[in-house]
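Please look first at the whole chain and then at a few of its side chains, taking the explanation below one step at a time.

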Amino acid sequence: MQLDGNLGRNAGTQPWTLFDDIRVSKRVYFGERFNMDLIADVFNIANRYNVSAVSPLCSSSFCNAGEATAAYDPRQFQFAIKLNW
């Protein structure tokens, strides 16, 4: 049995992923029955490049196995106001 190629072991695995999301909220009261929530969310606060897919392909002419083919979103902010009555 002959094995062709020089692809290393675990070449199709992806690097570790770090999700560091944070939420801050504050409730403001306007009497007994009416209040308001102020909400701020930050996703990927460190703005780290997180790989979501890795190429497992290797052919006779080229080999790109182990290279990143997709990534998660960069840092994002989200703000909200929620009214309760």
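Of the 85 residues of this protein, 15% count as buried, where buried means under 20% relative accessible area, exposed over 50% and partly exposed in between, with a 1.4 Å probe and protein chains only. The model is a predicted one, in which local features need pLDDT of at least 70 and side-chain atom pairs count only at pLDDT 80 or more, while totals for chains, interfaces and linings use all residues. Residues are numbered from 1 along each chain as its sequence is written, and side-chain values use heavy atoms, with hydrogens and water left out.

The protein has zero helices and five strands, and from the N terminus the order of elements is β-β-β-β-β; here helices (H or I, at least four residues) and strands (E, at least two) are DSSP runs, numbered from the N terminus.

Strand β2, residues 35-43, holds Asp37, which is buried because its relative accessible area is 9%. Leaving aside neighbours within four places in sequence, Asp37 is in contact (heavy atoms within 4.5 Å) with Lys26, Arg27, Ala80, Ile81, Lys82 and Asn84.

Turning to the aromatic rings, the count comes to one aromatic pair, formed by Phe30 and Phe34, which is tilted, at 5.6 Å centre to centre with 35 degrees between the planes. Rings of Phe, Tyr and Trp (its six-membered ring) pair if their centres lie within 6.5 Å, and planes under 30 degrees apart count as stacked, over 60 as edge-to-face and the rest as tilted. Phe30 is partly exposed because its relative accessible area is 46%, and Phe34 counts as partly exposed at 31% relative accessibility.
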